[in-house]
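Please read these notes with the model open beside you, taking one numbered point at a time.

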There are 2 protein chains.
Amino acid sequence: MTEIKIFCPATIANLNCGFDVMGLCLEGIGDEMIIRKVADKGIRITKITGADLPLETDKNVAGVAALAIFNAAKPDCGFEIEIHKKIKAGSGIGSSSASAAGAVFGINELLGKPFTRHELVDFAMKGEAIASGSEHADNVAPCILGGFTLVRGYNPLDVIKIESPSEIYAVVLHPHIEVKTSDSRAILSPIIALKDAITQWGNLGGLIAGLYSKDYELIGRSLQDVIIEPLRKKLIPNFDEVKNSALNAGALGAGISGAGPSIFALCKGQAIAEKVAFAMSSNYLDTGIPFDMHVSRVNDEGVKKI
Amino acid sequence: MTEIKIFCPATIANLNCGFDVMGLCLEGIGDEMIIRKVADKGIRITKITGADLPLETDKNVAGVAALAIFNAAKPDCGFEIEIHKKIKAGSGIGSSSASAAGAVFGINELLGKPFTRHELVDFAMKGEAIASGSEHADNVAPCILGGFTLVRGYNPLDVIKIESPSEIYAVVLHPHIEVKTSDSRAILSPIIALKDAITQWGNLGGLIAGLYSKDYELIGRSLQDVIIEPLRKKLIPNFDEVKNSALNAGALGAGISGAGPSIFALCKGQAIAEKVAFAMSSNYLDTGIPFDMHVSRVNDEGVKKI
């Protein structure tokens, strides 16, 4: 095999009460990449469609991630990368992570899989770092491993994959507004109340217990973020109204995807997810802000060859 | 059945990274109680051995808990309670909770089980409140449900039982010193850093994932408390040394039981637990402080008839 075509799924990070640690992988939304093994050593980005991104390897998320695995594997060849973006940059559903994950996954496949998927997360983080300014696994972990992922810690990186209960669907509403990463960071308080932290970790514990025991009601009761959402929602027009419309339509829970502006809801079953998507859309039409809607089962497979 | 004899197990609350939410139930350590159905309505405590505790129903943890279930069930009879304490008060392994749990469990059995074990936790909390000053389920939940328990939240009470992986053993070292509850509360900071909270909830997530997936190494990696232990350990002589001796002897992790002064370690298998108990004891002998040691499998059953 000298060429591989890859589907690089979108992801939801900062999953509500699981700020900075929990994410999930989506099914129907993602980029495509083509990676070719070539004789000349090194990494070259030969084509990008769907977005205005740098072709220089060391300035491109996919390029930097590719270099990380390339330098670790030291193969006697090089790779050309084509990126066909479908996930909009700045949407809050892991656009840059999809590119980083796709690059390391594709190269690993072409090299005969010297690394495990867990090991690939580390390489992809290097690429993600040039987009977000720090090495974070929130989006690259669910993109590479699929399902739900918990990043327990970073020293060393410790990522746990949790299989998604089969009926979990995610609905994502992406308002076409820009939320600057610097703003969504600045709005957070570096200091929080212990009692709020306890509420949050009780909920995160409940979410993880609900995922393992496939207890949809427990998952729903646990999707409460008392620390981040109350601050960041101010950056997203109509957040409370859209969230309430999702809950009223039967969503298990809802929240901000990544650092926003996308708003997500989790639902049990496709029928409810479609009802929730309709309710969220109807509500958002009032704002006059253009938006995209996605309804997707949670993708238990992660990045894959197509 | 008009009389029941009950084993009321000791428990570990504030389980490391699970401060205020996670607890577990012990097997070999516990009180005994005898409860009798009598014609005269009301709750009477007729005998207490092993501790100097009030016989007045409304001043006794077991009495208040018993009144809570009695007032809810409104039976056409009354109950007499004998308490034989074996868990030392102030040890940090749920002495008062054992009495509260035993009372509600026993009365529920004699009434033909009108309430589920989950419902009993609510009644037992009423009793626990007169010992601790507030309604907390940290110890009563594992005592009644067995295994590991997560208290997700209180409005309404939401307790999740997690079955213990079969090889988990707990080692408890109880130094015979008094740590005042007021001191162990006052030493905590009501305000914490968000980054520490994230580390903590990543670890709590890892602990719960480890329990469900029976991944002992993940359980061990997750047993890190960066918020409470660094403050409270100052109240426990030789804490760091004992903890290190437990880890060096092969414990998965260790921490403060409840609000102290007991120190616990979790281990995989009885052989390692005994080695760890020996290492902890050897270390504590240096302090000159008298202590008790307990080695116990985690008790998946909880409070029970004997």
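Predicted model: local features only at pLDDT ≥ 70, side-chain atom pairs only at ≥ 80, totals over all residues.

1. Residues are numbered from 1 along each chain as its sequence is written, chains are lettered from A and ligands numbered from 1 in the order in which they are written, and side-chain values use heavy atoms, with hydrogens and water left out.

2. The unreviewed UniProt entry also lists residues 65-147 of chain A, under "domain: GHMP kinase N-terminal". Over that span chain A is 57% helix and 8% strand, and the end C-alpha atoms are 22 Å apart.

3. Taken as a whole, chain A has ten helices and twelve strands, and its C-alpha atoms fill a box of roughly 55 × 40 × 35 Å along the principal axes. How does its radius of gyration compare with that of a compact globule? For 306 residues such a globule would have a value near 19 Å, and chain A, with 19 Å, agrees with this; the radius is taken over C-alpha atoms, and the globule rule is 2.2 Å times the number of residues to the power 0.38.

4. Of the 306 residues of chain A, 59% count as buried, where buried means under 20% relative accessible area, exposed means over 50%, and partly exposed lies in between (1.4 Å probe, protein chains only). Among the contacts in chain A with a separation of 6 or more, 72% come from residues 24 or more positions apart, a contact meaning heavy atoms within 4.5 Å.

5. How are the two chains related? Chain B can be laid on chain A with an RMSD of 0.0 Å by a turn of 180 degrees and a shift of 0.0 Å along the axis, which is the relation of a two-fold axis; the copies are superposed by least squares on the C-alpha atoms of residues with pLDDT of at least 70 in both. Because 100% of the interface residues of chain B are also interface residues in chain A, the copies meet through the same surface.

6. The largest nonpolar core has 164 residues, and those with the most contacts inside it are A:Met22, A:Phe148, A:Trp201, B:Met22, B:Phe148 and B:Trp201. A nonpolar core is a set of buried Ala, Val, Leu, Ile, Met, Phe, Trp, Tyr and Cys residues joined through side-chain atoms within 4.5 Å. When residues up to four places away in sequence are left out, B:Trp201 touches, among others, A:Cys17, A:Phe19, A:Trp201, A:Ile227 and B:Leu194. A second, separate core of 22 residues includes B:Leu173, B:Val242, B:Ala254 and B:Tyr284.

7. The structure holds zero disulfides over all chains, a disulfide being a pair of cysteine sulfur atoms within 2.5 Å. For A:Cys17 the nearest cysteine sulfur, that of B:Cys17, is 15 Å away, and A:Cys17 is buried, with a relative accessible area of 0%. For B:Cys143 the nearest cysteine sulfur, that of B:Cys25, is 5.7 Å away, and B:Cys143 is likewise buried at 0%.

8. Some backbone details deserve a careful look. The peptide bond from A:Gly260 to A:Pro261 is cis, with omega near 0 degrees, and A:Pro261 lies in the loop between strand S9 (253-256) and strand S10 (263-268) of chain A. B:Asn16 has a positive phi of about 55 degrees although it is not a glycine, and at 3% relative accessibility B:Asn16 counts as buried. B:Asn238, also not a glycine, has a positive phi of about 65 degrees, but B:Asn238 is partly exposed, with a relative accessible area of 25%.

Terms used. UniProt positions renumbered as here; feature names shortened; annotations may be inferred. Helix = DSSP H or I, 4+ residues; strand = E, 2+ residues; numbered from the N terminus.
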